[in-house]
Amino acid sequence: SDSISSTCLKTILEAKNKLGNGKLVQNIDIVCPPARKTGRGLKKTAYSPIRAVAEHHGITCYDAPAKQKEPFSKWILPKD
């Protein structure tokens, strides 16, 4: 769930800060569900809560494919 993933990310970041960069975690990238339209008339855009946590800490976020026919395991992470 969103609260669990956000809590886990915060815990990993706290541990990373305590031990120093590169000793526990060298790199973190987040794959989030794509933003979706919400509200009356679908005028507002809602993002996953973990995206806000990641962006606050300067972590790169990728959008997972919205709908795909192939299994998620065949999805290829975009390259910068």
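User: Which residues of H1 are buried?

Analyst: Ser6, Leu9, Leu13 and Lys16 are buried in H1. One caution at the outset: this is a predicted model.

User: What puts them on the same side of H1?

Analyst: The arc. They cover only 90° around the axis, so they sit on the same side of H1.

User: What does the face turned away from the buried side of H1 carry?

Analyst: Exposed residues: Ser3, Ile4 and Lys18.

User: And what covers the buried residues of H1?

Analyst: The cover includes strand E1 (29-32) and helix H2 (49-56).

User: Why is Ser6 called buried?

Analyst: Its relative accessibility is 8%. Buried means under 20%. Ser6 therefore counts as buried. Ser6 lies in helix H1. Setting aside neighbours within four places in sequence, Ser6 is in contact with Pro49, Ile50 and Val53.

User: How do you know that the span of H1 agrees with its number of residues?

Analyst: Helix H1 covers residues 2-19, which is 18 residues. At 1.5 Å a residue they should span 26 Å. The end C-alpha atoms are 26 Å apart, so the two agree.

User: What follows H1?

Analyst: Gly20, with a positive phi near 95°.

User: Which residues of H2 are buried, and what puts them on the same side?

Analyst: In H2 the buried residues are Ile50, Arg51, Val53 and Ala54. They cover an arc of only 165° around the axis, which puts them on the same side of H2. The face turned away from that buried side carries exposed Ala52 and His56. Cover for the buried residues includes H1, E1 and strand E4 (60-63). After H2 comes Gly58, whose phi is positive, near 75°.

User: Which residues make up the largest nonpolar core?

Analyst: There are 11 in all: Leu9, Leu13, Val25, Ile28, Ile30, Cys32, Ile50, Val53, Ala54, Ile59 and Cys61. H1, E1 and H2 each supply at least two residues of this core. The largest share, three residues, comes from H2. In soluble globular proteins, nonpolar side chains tend to be buried together.

User: What does Ile30 touch?

Analyst: Not counting residues up to four places away in sequence, Ile30 touches Leu9, Ile50, Ala54, Ile59, Thr60, Cys61 and Tyr62.

User: Is Cys61 buried or exposed?

Analyst: Buried. Its relative accessible area is 18%, and the cut-off is under 20%.

User: What makes Cys8 partly exposed?

Analyst: Its relative accessibility is 42%. Partly exposed lies between the buried limit of 20% and the exposed limit of 50%. Cys8 therefore counts as partly exposed.

User: Why is Leu42 called exposed?

Analyst: Relative accessibility is 52% for Leu42. Exposed means over 50%, so Leu42 counts as exposed. Leu42 lies in the loop between strand E2 (36-38) and strand E3 (44-46).

User: What is the phi of Leu42?

Analyst: Near 50°, a positive value in a residue other than glycine. Most residues other than glycine have a negative phi.

User: What makes Asp29 partly exposed, and where is Asp29 found?

Analyst: Asp29 is found in strand E1. Its relative accessible area of 34% makes Asp29 partly exposed.

User: What separates Asp29 from Thr60?

Analyst: Along the chain, 31 residues; between their C-alpha atoms, 5.2 Å. Leaving aside neighbours within four places in sequence, Asp29 is in contact with Ile59, Thr60 and Tyr62.

User: How do the elements run from the N terminus on?

Analyst: The order is α-β-β-β-α-β. That comes to two helices and four strands. Buried residues make up 21% of the 80 residues.

Conventions
Residues numbered from 1 in each chain as written. Predicted model: local features only at pLDDT ≥ 70, side-chain atom pairs only at ≥ 80, totals over all residues. Heavy atoms only, no water. Expected span 1.5 Å × (residues − 1). Buried < 20%, exposed > 50% of the residue type's maximum accessible area, 1.4 Å probe, protein only. Arc of directions from axis to C-beta. Contact = heavy atoms within 4.5 Å. Core = buried A, V, L, I, M, F, W, Y, C linked by side-chain atoms within 4.5 Å.
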